[in-house]
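Here is a short briefing on the spaces inside and along one protein model.

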Amino acid sequence: MKNVSTDQDNSLISAIKDENESASFKELFDKYHPLVNKAAKRYHFRFQENEDLIQEARIVCYQAALAYDSSTNVSFGKFFQRSLLNRYCSLLRKESAKKRMSDRYAESFDKLLETQGDFVSKSDLPYPNSLAIILSKEIILSMSESMSEMEYSIFNLLVFEHYTPEHICSDLNLSRTRVHRAMSRSRAKLAARFGDM
């Protein structure tokens with residue numbers, strides 16, 4: 001069954017490369033649409049609409065089809081998945097820039113104070129408990145500036161998705177050693193960032 005699927009992918013990719021065949025591209029993209037939906041749900045985008053993420057996925061799929069080498073041991077599905085996760089991670093890094101995140105928290109906090117004044121309960125805050133938690137969250141989200149894409153992707157899955165290291169190894173197709181080293185580097189950078197406060 002896997003060989004039939006691989007042969008179908010290779011046939012569609014050949015049509016895309018050789019004839020720029022749009023029907024073949026649509027068929028290929030539709031086949032991997034569930035992968036796109038899963039990848040989009042993995043990250044917490046605040047400023048991206050779902051339609052924009054799907055459009056980004058179409059671009060990545062097309063570029064992946066043009067770049068794919070069928071002589072490798074990697075399936076097109078895995079190749080596309082890795083390319084898409086890298087792209088979404090890049091989008092998240094841009095979205096999580098410190099200024100934009102601090103503006104968002106400030107607006108949310110100010111709006112609550114305007115509408116509810118002194119009667120704001122802790123559960124109504126953007127992140128419950130205190131301003132310290134809001135600032136900590138801001139620092140964590142701004143860590144994209146000092147981490148590599150792989151480090152931030154792993155960091156994001158650990159912190160926001162609560163993935164286990166084993167789950168990350170499986171999803172990103174990385175060895176335990178690479179994941180644990182990236183986790184250690186991320187931890188050190190985070191500790192240094194909090195130490196600078």
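Helix 5 gives the most to the lining of the largest pocket: seven residues. The model is predicted. About 260 Å³ of space lies in this pocket.

**Largest pocket**

- The lining of the largest pocket counts 16 residues.
- Nearest the centre of the pocket lie Arg82, Asn86, Leu172, Asn173 and Leu174.
- Three helices each supply at least two lining residues: helix 5, helix 8 (149–159) and helix 9 (165–172).
- By class, the pocket lining holds seven nonpolar, four polar and five charged residues.

**Largest cavity**

- A search of the whole structure turns up one cavity of 30 Å³ or more.
- The largest cavity holds about 40 Å³ of space.
- Two elements give two or more residues to the lining of this cavity, helix 3 (33–42) and helix 5 (76–95).
- Leu35, Lys38, Ala39, Arg42, Gln81 and Leu85 line the cavity.
- Helix 3 provides the largest share of that lining, with four residues.
- The cavity lining splits into three nonpolar, one polar and two charged residues.

**Helix 5 in both linings**

- In the largest pocket, helix 5 is the top contributor to the lining.

Technical notes: Residues numbered from 1 in each chain as written. Predicted model: local features only at pLDDT ≥ 70, side-chain atom pairs only at ≥ 80, totals over all residues. Heavy atoms only, no water. 1 Å grid on protein atoms, 1.4 Å probe; cavity = no way out; pocket = protein on both sides within 12 Å on 5 of 7 lines; lining within 4 Å. Points joined across faces, edges and corners; volume = space filled by probe spheres on them. Nonpolar A, V, L, I, M, F, W, Y, C, P; charged D, E, K, R; others polar.
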